[in-house]
Amino acid sequence: MTRIAFIGLGNMGGGMAARLVGAGHEVTAFDLSAAALERAEARGCTPAASARDAVAGAEAVITMLPAGPHVRAVYAADVLGVAPAGALLIDGSTIDVESARHVAGEAAAAGYVFADAPVSGGTAGAEAGTLAFMVGCDEAAFARIEALLAPMARAVLRAGDHGAGQAAKICNNMLLGISMIGACEAFALAERLGLEADRFFDIASKSSGQCWSLTSYSPWPGLVETAPSNRDYEGGFAVAMMLKDLKLAQAAAAASGASTPLGGQAEALYALWERQGNGGRDFSSMLQFLRGET
Ligand code: NAD
């Protein structure tokens, strides 16, 4: 049993904190949203009056916050110097590499072990404890981090040193965003050419066009049972979230000098679709955009 402070109990953090409670840990939780905190309490967490209150006395701190500025602010004001010496600090949010490295540096200067550990697997993975964690940390600290994350994970993978977890996450999601547009374009073209969607799906699934966006998450309804396309693109991974990750990727590309022209095109397309009021729909709804549906 570990005393864990969990900060940020939204769509992801709520389910993750509940998994830790289920594994027998003592979880003290805080969120700016009273409703989120109440939901966490109903799932076995002890609510705290502030982030500082949650962190004081914790053996480990996990943050699951919207973006880089939130993470920087919470660590500076409420975690560093407040958590007991020796506490393990893990940020599971998806944020920019620079913010992750900044917080890691500040944490090291204050004598803490820190890891950036963004996740893949969405809200369903958070609830089921089947997330993939991409971890940036000192090699010597990894075993301890892996053990703490295990109740929430199907895989905990060390990507490298501080910031490498975030780098892996944005590279993966840039690839995903691009490949989904490719799958949508292929279905849209097949339709214009009079090729049945299910025939194209069967053939491409066994040919060199095969990819996760096609065979595990088909944007065309009726082909993959669990895909959000079967639920009118509700739930799943929102266009706005994909856009956030593509913006992080483009910012990282600009800062590092990498050429990512398809990532840039993907960002522009998801941004257009979002501006048409589709930010909350699953990102595979890009098929509707390309078919001219609004
Ligand atoms: P969310 O908006 O549902 O939850 C974030 C929570 O943080 C909110 O409840 C908010 O009130 C709280 N918060 C904000 N500032 C705070 C502060 N200063 N102190 C305490 N609480 C604060 O977002 P989410 O969907 O849970 O995503 C969290 C992170 O996980 C994001 O970085 C996101 O990119 C990443 N992520 C999300 C998904 C997904 O499918 N939702 C998948 C993978 C990664």
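In the predicted model, a polar backbone atom of P66 lies 3.0 Å from an oxygen atom of the ligand, a polar contact being a pair of N or O atoms within 3.5 Å; within protein, one must be able to donate a hydrogen and the other to accept it, and residues adjacent in sequence count only if both atoms are side-chain atoms. A ligand oxygen is also 3.0 Å from a polar backbone atom of T94, and one is 2.6 Å from an N or O atom in the side chain of D31. Taken alone, the ligand exposes 840 Å², of which the protein buries 83% (Shrake-Rupley method, 1.4 Å probe; for residues, only the protein chains shown count as cover). Domain 1 (3–162) and domain 2 (167–290) both contribute residues to the shell, so the ligand lies between them; the domain bounds come from an automatic or database domain assignment.

Residues are numbered from 1 along each chain as its sequence is written. Local features need pLDDT of at least 70 and side-chain atom pairs 80 or more, while totals for chains, interfaces and linings use all residues; side-chain values use heavy atoms, without hydrogens and water.

Seven aromatic pairs are found in the whole structure (ring centres of Phe, Tyr and Trp, its six-membered ring, within 6.5 Å; planes under 30 degrees apart are stacked, over 60 edge-to-face, the rest tilted). The rings of F187 and W220 have centres 5.6 Å apart and planes at 35°, so this pair is tilted. F187 is buried, at 1% relative accessible area, and W220 is buried at 17% (buried is under 20%, exposed over 50%, partly exposed in between; 1.4 Å probe, protein chains only).
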